[in-house]
Amino acid sequence: MRIVLRHCRVFVFLLLLVCCASILNAQAQQSAASAIGSRSAELVRVDLLGLAKDPRLERAHLGLFVKNLTTGAELLDVNAARLFIPASTMKLFTTAAAISLLGPAYTYQTPLLLHGTVEGGVLRGDLVVRGAGDPSIAGAFHKNDPLAVFESWARALRQRGVERIEGDLVGDASLFPGPPLGDGWNWDDETYWYSAQTGALAFNESTADVVVSAEGEPGAPVRWEIGPVPGYLEVVSDATVGPAGSGSTFLAERRRGENVLEMKGQLPRGQRARFAVTVEKPAAWFLHALRHVLAANGVHVEGVSREVRKQEEAREWATAAPVAVHTSPSMFSLATHTNRESHNLYAEQMLMALGAEQRNLGTARAGAETVMSWATALGVGRESLVMVDGSGLSRKNLVSPRAMVALLEGMRTSSVFQPFYESLPVAGCHGSLANRMCGTPAENVASAKVGYVTHNICLAGYTRDASGQWYAYALFVNNHAGPVRDAKALQDGIVAALTAAESP
């Protein structure tokens with residue numbers, strides 16, 4: 001790999017990586033970062049060839065690009081124009097575009113509509129929820145109470161005197177016509193929360209909460225609870241209680257295309273397993289939970305629960321009166337949650353909202369075209385960006401390190417830079433960066449988005465050096481079959497060294 005180092009007065013940013021893999025751990029990284037700090041005042045040129053030829057990464061594909069945004073100097077270029085799988089660093093494009101095009105104050109509006117007349121406590125017609133794609137009707141934004149929005153709707157209905165709905169409970173999911181899974185997503189990820197299905201109606205982040213407990217004598221069946229409401233997910237279990245202190249062999253997986261959770265193996269006595277499992281047909285899950293809450297609050301629906309996916313049908317209640325409207329947190333808050341927690345569903349819903357708002361089509365493809373066009377105007381080479389989803393879960397996404405840095409540089413001079421910047425995790429502090437670069441100069445200074453899908457480990461973001469100069473970096477490691485820590489050590493070392501540098 002060829003490394004291009006420009007501008008002689010580049011201030012020292014090389015972490016002296018230890019050759020022996022057995023001692024490449026957190027303490028070694030901290031010691032190396034300290035060494036950089038002691039050398040940084042010397043303003044020496046550094047030969048980076050040894051870093052790129054690290055034997056731990058010799059079989060991987062490296063794409064490294066670092067730019068001083070204060071001076072314009074391109075400090076490090078390793079295959080920076082080539083295309084790489086960006087994993088979750090793709091969320092930087094999604095959130096930056098959403099904050100820029102929709103605005104940091106943008107909110108999703110989800111109305112509850114009375115399609116009919118109210119007479120004597122009875123709605124003679126349908127109760128309709130018009131989905132806007134809000135991903136936050138969940139516990140994360142409601143003090144860990146995922147049913148809070150539905151409870152408020154039930155109260156609003158009772159205040160209007162509604163105790164019975166003669167018609168149906170209708171979910172208008174036509175804004176996002178689908179498909180509910182991203183292009184190129186792995187089928188064997190479908191059970192897990194990070195692969196939740198998208199849709200205009202999303203409740204509890206399109207997942208059910210499962211708690212499994214191992215009580216009783218070894219060999220007894222495990223016990224389980226499904227929340228936030230029961231009855232939607234069926235459980236088929238052969239799982240049993242294992243001896244206390246034994247290793248767990250417990251496994252849980254949802255049948256593909258079905259709302260059936262299969263559990264097997266042994267869970268050691270006295271232990272609990274808590275996890276979220278995705279659901280099939282998230283709009284139906286939304287309506288199931290809403291119906292449950294309404295009934296618990298004395299509002300009974302006589303008709304069926306049904307989903308509407310065609311906009312022609314949705315026009316039927318275009319003039320229906322809202323009895324309540326739920327307003328989501330701001331786009332800034334949602335983008336912060338997306339980036340710091342690396343939450344895929346929020347990014348996907350954001351992408352489809354971009355398509356709906358900008359192109360009148362709430363699909364991932366329309367959203368991606370919107371983002372790519374916007375990024376081109378920002379200075380990102382169109383040939384350097386292939387976007388198919390908003391989260392980076394798809395391996396069909398491709399980005400060059402140079403294009404990623406162009407995005408970061410363009411946002412640095414944007415009027416909405418501050419909310420975008422503040423949405424990012426901070427080294428040693430937030431979410432996916434909480435345990436990285438701790439004890440190095442980058443702690444509490446560098447802001448970045450991590451990305452990981454199997455064998456592909458990425459990092460992109462900003463940092464500032466000791467003199468206040470700004471740097472943007474895209475550090476991509478693809479096709480790495482070894483330990484993830486090897487790639488992280490390279491990335492964290494570069495960022496720590498940039499942060500420790502001193503400008504003249």
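Reader: What should I know before looking at the numbers?
Author: This is a predicted model, in which local features need pLDDT of at least 70 and side-chain atom pairs count only at pLDDT 80 or more, while totals for chains, interfaces and linings use all residues. Residues are numbered from 1 along each chain as its sequence is written, and side-chain values use heavy atoms, with hydrogens and water left out.

Reader: How much space lies in the largest pocket?
Author: About 480 Å³. A pocket here is an open set of points on a 1 Å grid over the protein atoms alone, where a 1.4 Å probe fits, with protein on both sides within 12 Å along at least five of seven lines. Grid points are joined across faces, edges and corners, and the volume is the space filled by probe spheres set on the points.

Reader: Which residues lie nearest its centre?
Author: S88, S342, G451, Y452 and V453, out of 22 lining residues. A lining residue has an atom within 4 Å of a point.

Reader: Which element supplies the largest share of that lining?
Author: β21, with four residues. Strands (E, at least two residues) and helices (H or I, at least four) are DSSP runs, numbered from the N terminus.

Reader: And the second largest pocket, what volume?
Author: About 290 Å³. Its lining has 19 residues, and D183, A364, R365, V388 and D389 are the closest to its centre. Helices α8 (344-359) and α9 (364-378) each give two or more residues to that lining, and the largest share, five residues, comes from α9.

Reader: How far does α8 reach?
Author: From first C-alpha to last, α8 reaches 22 Å, close to the 22 Å expected at 1.5 Å a residue. The expected span is 1.5 Å times one less than the number of residues. After α8 comes N360, with a positive phi near 60°.

Reader: Changing topic: which strands pair with β8?
Author: β8 (residues 207-213) pairs antiparallel with β15 (residues 272-278) over seven bridges. Five bridges join β8 to β9 (residues 223-227), also antiparallel. Two strands pair if DSSP finds at least two bridges between them.

Reader: What stands opposite V212?
Author: A273 in β15, and W224 in β9.

Reader: How many residues of β8 are buried?
Author: Five of its seven, which leaves β8 mostly covered.

Notes
Buried means under 20% relative accessible area, exposed over 50%, partly exposed in between (1.4 Å probe, protein chains only).
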